Amino acid sequence: MSRSKKILASIVAIVGVAAALSYWQIKQFASTPLTLHQETIYTLPAGTGRVALEAQLESQNIIPHSIWFGALLKVEPELATFKAGTYRLEPTMTVRSLLQLLASGKEAQFPLRLVEGQRLTEWLSELRKAPYIRHTLKDDQFATLASELKVDPQQLEGNFFPDTYLYTANTSDLAILQRAHERMKKTIDQVWQERADNLPYKTPQDLVTMASIIEKETAVSEERARVASVFINRLRTGMRLQTDPTVIYGMGPAYNGTLTRKDLETATDYNTYIINGLPPGPIAMPGKASLQAAAHPEKSNYLYFVADGKGGHTFTTNLASHNRAVQVYRQTLKEKNEQ
């Protein structure tokens, strides 16, 4: 072999070794853990290129500095198709799994719990505090939301389905409320169609109003249909509902946590100690269990119930028995306070 050929062969060998070493270094870098110590939310802006991405990841201490980042994207071009968005990064991830996530477009999902038994005003407040939501509602007035949803403002309270909703960054507040509203509409339609016969409701909204009262009166699942029976029996016999949660709702911001006799005697559209029948609309967001209870009340002769001091209620058929149950409840509270 001539001297020139030997030199060429040596160069080829050196280049080959260097290429193999570089490839190994690239693969090692791809398998390098992220420099994170806790879960991190990372936002990749639209229009970000390879160089800017590398700079961002390094400056935010997500990946270690390396000369191999650009080479990795060339060796594994599928990793270079990253998409703008907000992502959830874990300390257990590697550089490769990070880039795979960015290429997948699977953005982080954030939970928003809209609790049954709360009012719409409370839900709107939770929306204001939720992270990464795009706020499009100019205020939390019912008229503003009703205009956006194209519904009557009177059809808002009680007409959003309580649940935990998952959303990605930049989802609008209105989009989440629309999901909850549409889901509740479907649920109400289904429950209304399957309701028991001869219930004293004129409209589906009457059923929702009853369900909202049940929701506020008990959190004990096995009691809901029994509570419903009390109010149904009262409606059928012409008795007033006399339920405190409706009075509280009618008081609005004036309620300070204590309900007085004067409050019970002060007229509002929702004071069921004064008005006959159901109040003009729901007083909270009922869950499906309360809707079902309103649609399928237990068959009973109960006309009264009072807390038993143990988390549930005592149900009675007459005023004398009810008054005795009230005394038992008061005694239970007294004993608890003395402990």
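**Figure 1. Helix H10, residues 244-251, is mostly covered**. Six of the eight residues of H10 are buried, where buried means under 20% relative accessible area, with a 1.4 Å probe and protein chains only. The buried residues are Pro245, Thr246, Val247, Ile248, Tyr249 and Met251. Helices are DSSP runs of H or I with at least four residues, strands are runs of E with at least two, and both are numbered from the N terminus. The model is a predicted one, in which local features need pLDDT of at least 70, side-chain atom pairs count only at pLDDT 80 or more, and totals for chains, interfaces and linings use all residues. Residues are numbered from 1 along each chain as its sequence is written, and side-chain values use heavy atoms, with hydrogens and water left out.

**Figure 2. The surroundings of helix H10**. Helix H8 (204-217) and helix H11 (261-265) are the elements against which the buried residues of H10 pack; a contact means heavy atoms within 4.5 Å. After H10 comes Gly252, with a positive phi near 60°.

**Figure 3. The protein that holds these elements, with 13 helices and six strands**. Its radius of gyration, taken over C-alpha atoms, is 32 Å, well over the 20 Å that the globule rule (2.2 Å times the number of residues to the power 0.38) gives for 339 residues, so the protein is more spread out than a compact globule. The C-alpha trace spans about 120 × 50 × 40 Å along its principal axes. Of the 339 residues, 43% count as buried.

How values were computed: Buried means under 20% relative accessible area, exposed over 50%, partly exposed in between (1.4 Å probe, protein chains only).
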